[in-house]
Amino acid sequence: MTDTPGWASPSSSEPPRDGARPPADAPSAVPGPSAPPQATPGWTGPAGAPRNGQQWGQQPPGGHRPYGWGAPASPKPGVIPLRPLSFGELLDAAVTTVRRHWRTVLALSLGFAVIAQAGTVLVNLLIKGKTGQATQTLRMLADLPLELLLNVFATALLTIVVSRAVLGRSATAGEAWRDARPRLLQLLGLTLLTVLLGPGVMLLGFAPLIGYTATGTGSPAIAGLLTLVGLLTVPVAVWLWMRFSLAAPALMLEKQGVLTALSRSRRLVRGAWWRVFGINLLGHLLALVVAVVIAVPFQIIGLVLGFESINRQGLPDTADQGVAMVLLLAVAGILAGTFTTPFIAALGVLVYIDQRIRREALDIELARAAGLPEHGGADWGAQGDPTPARR
């Protein structure tokens, strides 16, 4: 028996099976039978019958999963097929989750975007007319607490929605809140810790430069040297960010503690850092493109209506934005956040599930949780609703 948990249903209280023990800090977790790392499921035919005389749990000839040409189709109860996923499939699944469950997803993300932009507008109005590096730093520090808090709520609620979408089920905003609420404090602690381990390291590296330039006097050579020192911390911050990027889904779906979730993320990312980094980088770049495409028309409208002026470089003068322009850009930010926030959240959960499928054969446990009879799950009723399997 390994220490890797099975698929934990966020709202279930079923006792552990096959002797699996839940974490000490999560008595309500529902681990299924754990598969050893790198284990592969048996090779089954279309109706679930073993092929070539193989038994459940045995590997097919060659020791590889029979995915690809000539292989039986993988079950797909929800937004992903239950097998290792490619880059494109992960991105497509994130978009599909938002599209299929748009009522819940967009309602949650719209609420978070409105609150975030309201805070940004308030900060911009308070420091209106002030310029300089110190003002920009103050704006960033003022926005950070609200962004962190909203990120905790968005991650918690959207993780529940995505985890059910993988099983072909939906969740209302109220159901997502009920399932996520017991983990919010732990997720807040995890978020603060990961911020300190990732962006906090980078901020620490640039702190001498920020302090030096805030004085308003100094040598360009010294400023350049301090910039170089700060840049050296960027790779460290990115490495830590990716290393612990799967901790939040582990905490929410496995009902792990903060330190255990960090350790789980470290083990899941080990040996796949560049893959996880590439997926996250591509996803964030796509989200950035969407945000820019949404924001640019609002920027142009503001310039045409005279809400904003052009500086000497021919760019919008953000240092002296009027109230009308601030509000117009806030609307753009709300629209951008409504669509990009759930996409990024869904992608993070899907990467976590994909890594567990690759490392721990989680696809078998997901098939059972989805109620697929050929995997020992529930029988499907006439309306497509799973009913308890007869034993």
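This is a predicted model: local features need pLDDT of at least 70, side-chain atom pairs count only at pLDDT 80 or more; totals for chains, interfaces and linings use all residues.
Residues are numbered from 1 along each chain as its sequence is written, and side-chain values use heavy atoms, with hydrogens and water left out.

Of the 391 residues in the protein, 43% are buried (under 20% relative accessible area, with exposed meaning over 50% and partly exposed in between; 1.4 Å probe, protein chains only). The protein has 12 helices and two strands (DSSP runs numbered from the N terminus: H or I of at least four residues for helices, E of at least two for strands). Along the sequence the pattern reads α-α-α-α-α-α-α-α-α-α-α-α-β-β. As for contacts (heavy atoms within 4.5 Å), 66% of those between residues at least 6 apart in sequence join residues at least 24 apart.

Two packed helices are described by the angle between their axes and the distance between the axes. Helix H1 (residues 87-100) packs against helix H2 (residues 102-126) at an angle of about 95°, with the axes 5 Å apart (axes are lines fitted to C-alpha atoms, for helices over the stretch in contact, and angles run from 0 to 180 degrees between N-to-C directions). H1 and H2 are therefore roughly perpendicular (65 to 115 degrees; under 35 is roughly parallel, over 145 roughly antiparallel, and the rest oblique). Here Thr 97, Val 98, Arg 99 and Arg 100 of H1 meet Trp 102, Val 105 and Leu 106 of H2. By class, that makes four nonpolar, one polar and two charged residues (Ala, Val, Leu, Ile, Met, Phe, Trp, Tyr, Cys and Pro count as nonpolar, Asp, Glu, Lys and Arg as charged, and the others, Gly among them, as polar).

Further along, helix H11 (residues 323-360) and H12 cross at roughly 115°, their axes coming within 7 Å. Ile 353, Arg 356, Ile 357 and Glu 360 from H11 meet Leu 362, Asp 363 and Leu 366 from H12, a set with four nonpolar, no polar and three charged residues. In H12 (residues 362-369), the buried residues are Leu 362, Asp 363, Glu 365, Leu 366 and Ala 367. Just past H12, Gly 371 takes a positive phi of about 85°.

Then there is Asp 179, in helix H4 (residues 173-180). Asp 179 counts as buried because its relative accessibility is 8%. Its side chain makes a polar contact with the side chain of Arg 164 at 2.5 Å (a pair of N or O atoms within 3.5 Å; within protein, one must be able to donate a hydrogen and the other to accept it, and residues adjacent in sequence count only if both atoms are side-chain atoms).
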